Amino acid sequence: MLKVENLQVSLEEEDKQILKGLTLEVPAGEVHAIMGPNGSGKSTLSYVLAGRDGYEVTGGSATLDGEDVLEMEPEERAAAGLFLAFQYPVEIPGVGNMTFLRTALNAQRKSRGEEEISAPDFLKLVRSKAKELSIDADMLKRPVNVGFSGGEKKRNEILQMAILEPRMCILDETDSGLDVDAMKLVSQGVNALRDAGRGFLVITHYQRLLDHIKPDVVHIMADGRVVETGGPELALKVENEGYADILASVA
Amino acid sequence: MSRKAELQNAKRLAAEAQLSALPMPVGEANWARDTRAKARARLLDAGAPARRDEYWRYTNPEEFAAPAALADAADIAAEPDPFEAIAAPKIRFINGHLRADLSDPLGQQGLAVAALQPTLQQDISIGAQLFGQLEARGQDMVPRPLAVLNTAVATQGLVIQATGTAVQRVAYQQIGAGIGFVRHLIRVESGAEFTLLESGTPSNSVIEVDLADGAIFHHVRVQVAPDSARATHVFARIAGNAAFKSFTLTADGKLTRNETVIELVGGEASGHIAGAVLAEGDTHTDSTVFVTHDAVNCESRQVFKNVVGGTAKSIFQGKIYVKEGAQKTDGYQISQAVLLNDGAEFSAKPELEIYADDVACSHGSTTGALDPTAMFYLRSRGVPKAEAEALLIAAFADEAIEEIADTELGDIVRNEVAKWMAGRG
């Protein structure tokens with residue numbers, strides 16, 4: 001499904017290379033985790049795949065079901081089924097959460113040639129998904145992420161994912177800033193979306209998220225590359241031994 | 001002749017030319033004739049506005065200062081009235097002429113509405129008390145020659161006296177792009193509440209609003225794509241415990257100058273002035289505000305939001321002037337602009353002048369592009385660029401629209417903002 005090959009990316013402003021030939025493939029139906037020390041390029045990978053400005057792709061490719069996503073506008077990537085749950089969800093004063101969700105959903109439906117969702121159907125959809133994530137009516141009424149706690153912001157990301165039903169979900173440190181209860185809620189939300197037709201790329205520092213969202217494959221990233229790939233046991237190894245030993249063994 | 005004297009002479013000659021191009025009103029009562037004569041003298045004294053004048057640095061006064069011929073009230077096609085659905089008598093002007101045949105009957109319970117022209121021809125005290133009086137006070141600190149010109153020649157307009165305690169509204173619509181001078185005199189009596197809804201923009205309009213103790217006045221104005229030079233002035237005198245609230249939406253005004261000059265003269269009074277400017281193409285919008293605090297415990301608030309694209313220019317000049325003794329003044333001013341592209345311009349001139357020592361006054365101004373992080377977030381959820389821009393623009397303008405107390409009226413303005421954005425394509 002998502003295929004990243006020898007991807008090389010620099011920061012536009014600093015002319016500094018961050019990704020130095022990254023290769024990985026997430027087939028439909030699988031959950032892949034990416035772990036790695038700070039500065040290894042994990043967040044850059046997520047932003048480049050979602051289409052944020054400020055990065056220059058100097059080599060390699062990223063395709064979703066064979067389509068080159070790097071050539072697409074961010075909204076086209078979303079319509080193609082790519083979703084990034086942000087590490088730092090953005091506050092948008094003055095834009096109501098419901099308006100935002102409805103606009104996004106309808107824009108994606110429109111781009112796929114589907115009809116807009118009716119207002120009652122939309123309400124029903126949002127209410128049921130929000131309930132599963134313990135998101136109350138007040139959070140839905142407020143401007144996007146404004147005044148939300150860290151945990152509320154992350155739950156709001158998962159709510160968007162549940163409503164937009166993307167095929168390829170990238171979660172960028174969704175566990176950061178979450179307490180144990182919020183981590184459970186968020187994980188349940190993600191697990192509910194696990195499906196034979198959907199892929200996940202879960203970026204995290206810590207193994208604990210992977211206790212809740214069980215990965216099929218774990219990649220270890222360092223200095224802009226995937227340096228080791230293995231099963232869930234690799235995450236436990238990181239937890240017990242830290243990155244130093246693994247990095248030393250591949251160096 | 002010194003350079004300064006030469007300039008003043010040129011301004012005087014320009015004022016003379018303006019006056020001589022316009023018909024002098026006839027058949028008026030003595031008090032009105034007296035006010036006209038004084039206005040002519042004041043105008044010649046001050047001269048027409050010129051680029052070197054302190055408050056005309058950002059806006060070229062030449063188009064306003066050019067002699068103009070009045071347009072007639074010939075029938076022209078009706079224009080959509082944004083306030084159509086609002087329960088209020090509709091009063092229509094064509095090219096600045098009151099058209100009773102196109103208007104609802106004037107006057108209702110608790111509200112006296114009369115045409116200006118007959119008022120000026122009789123000894124009607126409210127006319128004598130208001131006409132030219134607040135305008136003249138408004139010249140104290142800054143010359144406003146276009147308003148003086150209005151006092152010298154305007155015969156068309158409304159005289160409104162609100163006395164009822166039930167909320168009263170009048171919706172006034174100007175149709176046609178011809179030159180016209182419109183003058184409204186409004187007095188809201190003690191304890192009364194009145195709302196003036198305005199759509200369309202005469203080429204020169206002056207509104208004088210006198211608020212008695214505890215009176216409440218709302219003003220909501222929609223100016224959509226006026227295609228020639230328009231100058232408006234609102235002068236208000238706000239007595240104790242009275243509240244003045246004015247909001248203006250200006251969308252793509254070719255050359256629009258809106259001046260609001262208010263004076264808080266009684267304790268616990270409040271004055272709120274807000275504006276949303278949407279400017280594309282080669283348009284020029286100038287919002288100029290002057291708030292005078294002349295009593296204790298008063299509160300004033302200026303909130304202006306400018307969305308500027310194309311090669312449009314938007315200007316905000318706002319002053320808070322606190323007189324000696326106006327203690328416990330709470331003055332607030334914010335002007336902000338979003339520039340949609342290179343070539344768009346916003347200029348802000350915030351001013352505070354304070355002669356009391358126990359006051360809280362603040363002002364702020366920001367200019368920038370739409371937040372790129374928010375844009376990316378919206379687009380990453382599948383919202384196309386233009387739609388994401390529209391959401392952020394609407395949210396930005398809304399901070400000014402929220403200043404409108406009545407949500408139904410606020411929604412009418414929001415609808416106009418949405419239309420403008422749809423028209424951007």
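At what angle do helix H1 (residues 3-21) of chain B and helix H2 (residues 30-46) of chain B pack, and how far apart are their axes? The legends below begin with this pair of helices and describe a predicted model.

**View 1. Helices H1 and H2 of chain B pack at an angle of about 145°.** The axes of these two helices, which span residues 3-21 and residues 30-46 of chain B, are 7 Å apart. On the side of H1(B) the contact is made by B:Arg12, B:Ala15, B:Glu16 and B:Leu19, and on the side of H2(B) by B:Arg40, B:Leu43 and B:Leu44. Sorted by class, this contact has four nonpolar and three charged residues, and no polar ones.

**View 2. Strand E14 of chain B is largely enclosed by the rest of the structure.** Ten of the ten residues of this strand, residues 284-293, are buried. Both of its faces are covered, with B:His284, B:Asp286, B:Thr288, B:Phe290 and B:Thr292 buried on one side, and B:Thr285, B:Ser287, B:Val289, B:Val291 and B:His293 buried on the other. This arrangement can be read against a general rule: in a regular strand the side chains alternate between the two faces of the sheet. Strand E12 (residues 255-264) of chain B runs parallel to E14(B) and is joined to it by ten bridges, and here B:Thr260 has B:Val289 as its bridge partner. Ten bridges also join E14(B) to strand E16 (residues 313-322) of chain B, again in parallel, with B:Tyr321 of E16(B) as the bridge partner of B:Thr292.

**View 3. Helix H7 of chain A lines up its buried residues on one face.** The helix covers residues 180-193 and, with 14 residues, reaches 20 Å from its first C-alpha to its last, close to the 20 Å expected at 1.5 Å a residue. Its buried residues are A:Met183, A:Val186, A:Ser187, A:Gly189 and A:Val190. Seen down the axis of H7(A), these buried residues fall within an arc of 155°, so they line one face of the helix. On the other side of H7(A), A:Asp181 and A:Lys184 are exposed. The cover over the buried residues of H7(A) includes helix H4 (119-132), H6 and helix H8 (208-212) of chain A.

**View 4. An open sheet of six strands in chain A has mixed pairing.** The strands follow the order E6-E9-E10-E3-E11-E12, with strand E6 (82-85) and strand E12 (225-230) of chain A as the edge strands, each pairing on one side only. From one strand to the next the twist averages 20°.

**View 5. Four strands of chain A form an open antiparallel sheet.** Their order is E2-E1-E4-E5. Strand E2 (16-26) and strand E5 (67-68) of chain A stand at the edges with a single partner strand each, so one side of each is left without a neighbour in the sheet. Strand E4 (residues 55-64) of chain A pairs with E5(A) in the antiparallel sense over two bridges, and the bridge partner of A:Leu64 in E5(A) is A:Glu67. Helix H1 (residues 42-50) of chain A packs on the sheet, where it touches strand E1 (2-11), E2 and E4 of chain A, and its direction makes about 70° with that of E4(A).

Key: Residues are numbered from 1 along each chain as its sequence is written. Chains are lettered from A and ligands numbered from 1 in the order in which they are written. This is a predicted model: local features need pLDDT of at least 70, side-chain atom pairs count only at pLDDT 80 or more; totals for chains, interfaces and linings use all residues. The expected span of a helix is 1.5 Å times one less than its number of residues. A residue is buried if 20 or more other C-beta atoms lie within 10 Å of its own, exposed if 12 or fewer, and partly exposed in between; C-beta atoms are placed from the backbone. The arc is that of the directions from the helix axis to the C-beta atoms. Two residues are in contact if their C-beta atoms, placed from the backbone, lie within 7 Å. Two strands pair if DSSP finds at least two bridges between them. Axes are lines fitted to C-alpha atoms, for helices over the stretch in contact, and angles run from 0 to 180 degrees between N-to-C directions. Ala, Val, Leu, Ile, Met, Phe, Trp, Tyr, Cys and Pro count as nonpolar, Asp, Glu, Lys and Arg as charged, and the others, Gly among them, as polar.
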